[in-house]
Amino acid sequence: MLKLVGTVKSIAVTASRRRTAAASFSTSLLFDETQIRFKEGLQQFVQEKIAPHADKIDKMDSFPEDVNLWKAMGDFDLHGLTAPGMQSGQRFDRSNVKLLKCSFKLTFTAEYGGLDVGYLYHCMAMEEISRGSASVGLSYGVHSNVCLNQLVRHGNAAQKAKYLQRLISGDHVGALSISEPNAVSDAVGIKCKADRVDGGYIINGNKMWGTNGGIADTLVVYAKTDVSAGSKGITAFIVEKGTPGFIAAQKLDKLGVRGSGTYELVFENCFVPTENILGEVGKGVYIMMSGLDLERIVFAAAPIGIMQACLDVVLPYVRQHEQFGRPIGEFQLMEGKFADMYVALQSSRSYVYSVARDCDNGNIVTKDCAGAILAAAERATQVWTKTQRNQPNIYS
Ligand SMILES: Cc1cc2nc3c(=O)[nH]c(=O)nc-3n(C[C@H](O)[C@H](O)[C@H](O)COP(=O)(O)OP(=O)(O)OC[C@H]3O[C@@H](n4cnc5c(N)ncnc54)[C@H](O)[C@@H]3O)c2cc1C
């Protein structure tokens with residue numbers, strides 16, 4: 001954990017992003033001192049380990065081969081932020097800075113290696129990773145929240161013992177598969193079937209848009225164990241890479257978040273043993289829907305990171321680039337645009353982190369988890385459009 005609280009250096013210049021200075025913003029209203037130190041440690045980690053690869057990740061449409069980002073994030077304790085880490089059930093006291101100065105792994109006996117610090121911290125990690133690379137942010141979010149956190153919330157002791165530690169360390173990669181060609185917003189309309197057989201279930205069907213699907217070691221997969229029961233006939237299964245009958249088919253070519261692999265997944269007579277049922281048979285819809293609330297709030301931090309990255313690029317540029325004998329940032333019309341960008345970022349940030357704090361307090365409000373990601377994603381699209389319109393030279 002020491003790694004997370006290292007002294008902050010000024011954000012490094014990355015040639016690929018043409019950042020010459022960090023855009024700094026008030027976070028003191030949102031975060032306490034411990035959280036600010038966590039954020040600073042994260043910024044340094046991302047600038048050193050992730051941002052330098054961002055351009056190549058986008059161009060090559062894959063993670064770098066010479067460095068294992070999954071392990072790097074695991075070594076930095078980022079995968080298990082909402083996973084148990086203390087055998088006694090003791091929770092990390094977020095207000096105690098002194099604790100952070102100790103190595104967590106020495107202070108506490110880690111059960112699975114998680115930090116159990118909650119959704120606000122998970123959002124902070126999602127924001128900073130996405131600020132360095134939105135593609136890494138998407139893959140990270142699917143691994144650490146959509147897969148790993150579902151195992152934390154619904155796995156039994158044997159499943160947690162089997163899967164969590166390697167997902168938290170980054171030795172294994174996680175994915176989750178709900179969507180099908182004709183079941184996307186209509187998630188409970190899935191057609192993928194799981195038929196009961198001796199010792200388990202046989203899964204048949206096609207899934208689409210599975211983030212990390214082609215590289216994942218552990219996948220949470222939803223299928224209908226009782227087609228006639230509609231949404232009440234859905235069951236969640238844990239499927240392991242290499243299970244006969246499970247194939248990661250085509251990798252989809254995307255316009256954005258390139259490098260985060262999105263796959264079609266095919267199940268052809270794929271046998272999954274009974275011990276791999278996540279939760280209870282027929283109760284998959286509860287796992288799915290409650291997971292979507294938490295997924296939305298964690299993923300709402302990604303557009304925050306994207307907005308911050310836009311300002312990181314824009315502000316130094318408009319201070320340097322001159323027209324009519326003055327830096328373009330001094331023109332009042334331009335200043336108005338930066339004010340809009342700043343307010344879009346800060347208002348989204350306030351909404352997202354206040355909902356995350358509520359989630360940590362056990363107050364998970366579906367409409368606000370959805371509202372936060374709607375607001376942040378729409379503002380990020382506007383901020384990105386303004387960035388592109390006003391600084392076209394950066395992208396030429
Ligand atoms: C990069 C990426 C990664 C993804 N990763 C995963 C993953 O890891 N696992 C997974 O299971 N899924 C994944 N998905 C799928 C994702 O969950 C869906 O894209 C999402 O549920 C939204 O569905 P849709 O808008 O794409 O499609 P659709 O539901 O087909 O919607 C298409 C359009 O119709 C509109 N629409 C749909 N229903 C209605 C309605 N009732 N009323 C009015 N308008 C409606 C939608 O708003 C949208 O504009 C991923 C998708 C992408 C793009």
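Biologist: Where does V257 sit?
Modeller: V257 is in the loop between β6 (246–251) and β7 (262–273). Keep in mind that this is a predicted model.

Biologist: What's its phi like?
Modeller: The phi of V257 is positive, about 35 degrees, although V257 is not a glycine.

Biologist: Buried or exposed?
Modeller: V257 counts as buried, because it has 21 C-beta neighbours inside 10 Å. The cut-off for buried is 20 or more.

Biologist: And which residues are around the ligand?
Modeller: V257 is one of them.

Biologist: Which gives the most?
Modeller: β3 does, with three residues in the shell around the ligand.

Biologist: How do the shell residues divide into nonpolar, polar and charged?
Modeller: Six are nonpolar and six are polar. None of the residues in the shell is charged.

Biologist: Let's move to N212. Where is that?
Modeller: N212 lies in the loop between β3 and β4 (218–224). N212 has a positive phi too, about 70 degrees, and is not a glycine.

Biologist: Why does N212 count as buried?
Modeller: Because N212 has 27 C-beta neighbours inside 10 Å.

Biologist: What about N204? Which strand?
Modeller: N204 is in strand β3. N204 counts as partly exposed, because it has 16 C-beta neighbours inside 10 Å.

Biologist: What does N204 touch, leaving out residues up to four places away in sequence?
Modeller: N204 touches K193, F267, E268 and N269. As for F246, its C-alpha atom is 9.1 Å from that of N204. Those two residues are 42 residues apart along the chain.

Biologist: Switching to helices. How do α7 and α8 cross?
Modeller: The axes of α7 (residues 134–154) and α8 (residues 157–169) cross at roughly 150 degrees and come within 10 Å. So α7 is roughly antiparallel to α8. The crossing of α7 past α8 is left-handed.

Biologist: Which residues meet there?
Modeller: From α7, L148, L151 and V152. From α8, Q159, K160, Y163, L164 and L167. The contact of α7 with α8 has six nonpolar residues, one polar and one charged.

Biologist: Now α1 and α6. What's the angle?
Modeller: Roughly 30 degrees, for α1 (residues 33–49) and α6 (residues 119–132), with the axes coming within 9 Å. So α1 runs roughly parallel to α6. Here the crossing is right-handed.

Biologist: Which residues make that contact?
Modeller: On α1, they are Q35, F38, K39, L42, Q43, V46 and Q47. On α6, they are Y121, M124, A125, E128, I129, R131 and G132. The contact of α1 with α6 divides into seven nonpolar, four polar and three charged residues.

Biologist: Last bit, the whole chain. How many helices and strands?
Modeller: The protein chain has 12 helices and 10 strands.

Biologist: What percentage of the residues is buried?
Modeller: Buried residues make up 46% of the 396 residues in the protein chain.

Biologist: And the contacts with a separation of 6 or more? What share comes from residues 24 or more positions apart?
Modeller: Residues 24 or more positions apart account for 79% of those contacts.

Definitions and conventions. Residues numbered from 1 in each chain as written. Predicted model: local features only at pLDDT ≥ 70, side-chain atom pairs only at ≥ 80, totals over all residues. Near = placed C-beta within 6 Å. Helix = DSSP H or I, 4+ residues; strand = E, 2+ residues; numbered from the N terminus. Nonpolar A, V, L, I, M, F, W, Y, C, P; charged D, E, K, R; others polar. Axes fitted to C-alpha atoms, helices over the stretch in contact; angles between N-to-C directions. Parallel < 35°, antiparallel > 145°, perpendicular 65-115°, else oblique. Left-handed = near helix turned anticlockwise from the far one by under 90°. Contact = placed C-beta atoms within 7 Å. Buried ≥ 20, exposed ≤ 12 C-beta atoms within 10 Å, placed from the backbone.
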